[in-house]
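Here is a short report on a protein model. Look at the sequence and the coordinates first.

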Amino acid sequence: MIKLSKTSKLDGILSWSLQALDTCPGSRADDGGLVPACQGCYATTGNYRFANVKKPREFNREDWQRDNWVQDMIYSLNNSRYFRWFDSGDMYSLDLAWKIYKVMLHTQHVKHWLPTRMYKFAKFKTVIDHMQDLPNVVVRFSSDSVTGEVIEGLNTSTIFSDTVPDGAFECKAYQHEGKCNGCRACYDKNVSVIAYKAHGVKMAKVIKIVAMQ
């Protein structure tokens, strides 16, 4: 059974997710600590802490390994036009990444958005390149920064606290109670950089610490 999530922020768009941090190898810096962006991870606060929210994400970590998972995912997206991978978690396994690619390949009617930090690992380059070659897929490389540092990549994202990075598209969800409000920029290959405004008490503390360093 495929377990998808539906969040109000995404205007009802479905997503498939895993438990945050546990499945995020790219969240770790060279010293083993969390990178700044992940220190303030929204998916470790609020409703994400509740057992009923964690349960399907924990289920998904085992479920994707089924032989029929790709076929079942394709069927589940039959009536979708937009889909987000990982509103929490990441494609921590290369086998999972290739399965996701197959789902993307066989659901050309769906615009897929996949934010990730797995670009940091060389063994994921080939599968990410295959995903990016698909016209219906945007793989956004997530910056570790909370101060608007922009990284290289076809499509990327960053977090800013005060000033929107030059040339970046500013996500306006913070002006609409945290909701996309019909915006689909994250799914648009023509939008190179998305800049998300830092929010929340936890992130404010991270930014303060970074500023002091």
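## Basis

This is a predicted model, in which local features need pLDDT of at least 70, side-chain atom pairs count only at pLDDT 80 or more, and totals for chains, interfaces and linings use all residues. Residues are numbered from 1 along each chain as its sequence is written, and side-chain values use heavy atoms, with hydrogens and water left out.

## Overall fold

The protein has six helices and eight strands. Helices (H or I, at least four residues) and strands (E, at least two) are DSSP runs, numbered from the N terminus. Read from the N terminus, the order of elements is β-β-α-α-α-β-α-β-α-β-β-β-β-α.

Along the principal axes, the C-alpha atoms fill a box of roughly 50 × 35 × 35 Å.

Of the 213 residues, 46% count as buried. Buried means under 20% relative accessible area, exposed over 50%, and partly exposed in between (1.4 Å probe, protein chains only). Contact means heavy atoms within 4.5 Å. Among contacts between residues at least 6 apart in sequence, 73% join residues at least 24 apart.

## The sheet

Eight strands form an open sheet with mixed pairing, in the order β1-β2-β3-β4-β5-β6-β8-β7. Its edge strands are β1 and β7, each of which pairs on one side only. Two strands pair if DSSP finds at least two bridges between them.

| Strand pair | Sense | Bridges | A bridge pair |
|---|---|---|---|
| β2 and β3 | parallel | three | Trp16 and Trp85 |
| β3 and β4 | parallel | three | Tyr82 and Lys111 |

From β3 the chain crosses through α4 to β4, and this β-α-β crossover is right-handed. Right-handed means that, with the strands pointing away from the viewer, the path from the first strand over the helix to the second runs clockwise.

## Helix α4

How far apart are the end C-alpha atoms of α4? They are 16 Å apart, in agreement with the 16 Å that its twelve residues (94–105) should span at 1.5 Å a residue. The expected span is 1.5 Å times one less than the number of residues.

Ser93 caps the N-terminal end of α4. One of its side-chain oxygens lies 3.2 Å from the backbone nitrogen of Asp95. A polar contact is a pair of N or O atoms within 3.5 Å; within protein, one must be able to donate a hydrogen and the other to accept it, and residues adjacent in sequence count only if both atoms are side-chain atoms.

The buried residues in α4 are Leu96, Ala97, Lys99, Ile100, Tyr101, Val103 and Met104. An α-helix has 3.6 residues a turn, so residues three or four places apart point the same way. The cover over the buried residues of α4 includes β2 (14–16), α3 (69–76), β3 (82–85), β4 (111–116), α5 (125–133) and β5 (137–142).

## Single residues

Ser142 sits in strand β5. Is Ser142 buried or exposed? At 10% relative accessibility, Ser142 counts as buried. Not counting residues up to four places away in sequence, Ser142 touches Pro115, Thr116, Arg117, Tyr119, Ile151 and Ser157. Leu77 is 65 residues away along the chain, and its C-alpha atom is 25 Å from that of Ser142.

Lys3 belongs to the segment before β1 (5–6). Lys3 is partly exposed, because its relative accessible area is 29%. Neighbours within four places aside, Lys3 is in contact with Trp16, Pro56, Phe59 and Asn60. Lys3 and Ser17 are 14 residues apart in sequence, and their C-alpha atoms are 8.9 Å apart.

Most residues other than glycine have a negative phi. Asp11, in the loop between β1 and β2, has a positive phi near 60°. Asp11 counts as partly exposed, at 35% relative accessibility. Asn181 also has a positive phi, of about 55°. Asn181 is in the loop between β7 (169–170) and β8 (193–197).
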